[in-house]
Amino acid sequence: MKTIPQDNFDRYLRQILVKEIGGQGQKTLFKSKVLVLGAGGLGAPILFYLSAAGIGHLGIIDHDNVDISNLQRQILYKTSDVGKPKIEAAEIAVKNLNPNIKINKYDMKLEDGFDNSFFKSYDLVVDGSDTLHTKNLIARNCVSLSKALLTGSVSQWEGQIFLYDPSFASSCYSCLYGDLVGTEKNNCNNLGVVGTVAGIVGTMMASETVKYLLGTQYSLKSTLLIYDGLSHELKKIKVQKNQKCTSCFLI
Ligand SMILES: [Zn+2]
């Protein structure tokens, strides 16, 4: 059995000491591939923590440049990154933290009918995108590919997380929200978002990703987690498979 090189052993020592991770779990994390959609308010803490934790291979999809208004919450970026493509600045930030991580960059905006074949090589898709149209599109593509999907959203003081895990006949994002047609107005660009709340929810998503990759028995599969940043209340709601779901029910 291959051992963990000393540099990496020291790097990850504090989490190798955790019962659910250990040396074997650390190797599993390093062999894992996670595709992160959106290198923004949620994507920034997700990418930072996944690279810090030694998830060996990360894909990043984004098509925006860094804007000064992003810096209040998108902690991957510096003031000197303003105007640069996010995927380029994100790769540098991730590599500075952990040079052992492989990065695939996808400078693209996901449109209806996009070629989803590259999703197949990833163990988990993590959606930190900020429009309902994109979330719905990603969710439907993941269901059609039977690809596990962790979806998150954040607005003002509240965030939500949901895990679709096809290996457990999970309910899907569309079971929960339907088709979301015509509800595009509600995103953080016009409602606003508290930077720390994006950080908390993104960090929870990174934590859920690590648990999913390790195969721990604790999971948010088929469960909606709602975080209220004003009261710090957490709610978990079990989502049943919707027999009228147009996305997953016949799969
Ligand atoms: Zn469904």
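## A zinc site, a sheet and some turns

**Entry 1: a starting point.** I began with C245, which counts as buried because its relative accessibility is 9%. I use "buried" for under 20% relative accessible area, "exposed" for over 50% and "partly exposed" for what lies in between, with a 1.4 Å probe and protein chains only.

**Entry 2: what I am looking at.** This is a predicted model, so I note that local features need pLDDT of at least 70 and side-chain atom pairs count only at pLDDT 80 or more, while totals for chains, interfaces and linings use all residues. Residues are numbered from 1 along each chain as its sequence is written, and side-chain values use heavy atoms, with hydrogens and water left out. My helices (H or I, at least four residues) and strands (E, at least two) are DSSP runs numbered from the N terminus.

**Entry 3: the zinc ion.** Which protein atoms hold the zinc ion as donors? I found the SG atoms of C172, C175, C245 and C248, lying 2.3 Å from it. A donor here is an N, O or S atom within 2.8 Å of the metal (3.2 Å for Na, K and Ca); water is not among the atoms, so sites may look incomplete. Why is the arrangement called tetrahedral? The angles between the four donor atoms run from 96 to 121°, and four donors count as tetrahedral if all angles lie between 85 and 135 degrees. (For the other labels, four are square planar and six octahedral if opposite donors are over 155 degrees apart and all others between 65 and 115; anything else is irregular.) For reference, I wrote down that the ideal angle for four tetrahedral donors is 109.5 degrees.

Entry 4: Strands pair if DSSP finds at least two bridges between them; contact means heavy atoms within 4.5 Å; axes are lines fitted to C-alpha atoms, for helices over the stretch in contact, and angles run from 0 to 180 degrees between N-to-C directions.

I traced eight strands in an open sheet with mixed pairing, ordered β3-β2-β1-β4-β5-β6-β7-β8. β3 and β8 are the edges: each has a single partner strand, so one side of each lacks a neighbour in the sheet. On average, neighbouring strands are turned by 15° against each other, direction ignored.

Next I looked at β1 (residues 33–37) and β4 (residues 124–127), which run parallel and are joined by four bridges. L37 has D127 of β4 as its bridge partner. Helix α3 (residues 43–52) packs on the sheet, touching β1, β2 (57–61) and β4, and its direction makes about 165° with that of β1. Helix α8 (residues 195–214) packs on the sheet as well, touching β1, β4, β5 (149–155), β6, β7 (223–228) and β8, at about 170° to the direction of β5.

**Entry 5: helix α3.** I checked how enclosed α3 is: seven of its 10 residues are buried, so the rest of the structure largely encloses it. Its buried residues, among them I46, L47 and L50, pack against β1, β2, α4, β4 and α8. G54 follows α3 and has a positive phi, near 85°.

G54 turns up again in the contacts of N98: beyond neighbours within four places in sequence, N98 touches R11, Y12, S51, A52 and G54. N98 sits in the loop between α4 (86–97) and β3 (102–106) and is buried at 0% relative accessibility.

**Entry 6: the hairpin and positive phi.** β7 and β8 pair antiparallel over six bridges, with T223 bridged to K238 of β8. Four residues lie between the two strands of this hairpin, and H232 in the turn has a positive phi of about 60°. Is H232 buried or exposed? H232 is exposed, at 55% relative accessible area.

S146 also has a positive phi, near 50°. I located S146 in the loop between α5 (132–145) and β5, where it is partly exposed at 42%. Most residues other than glycine have a negative phi.
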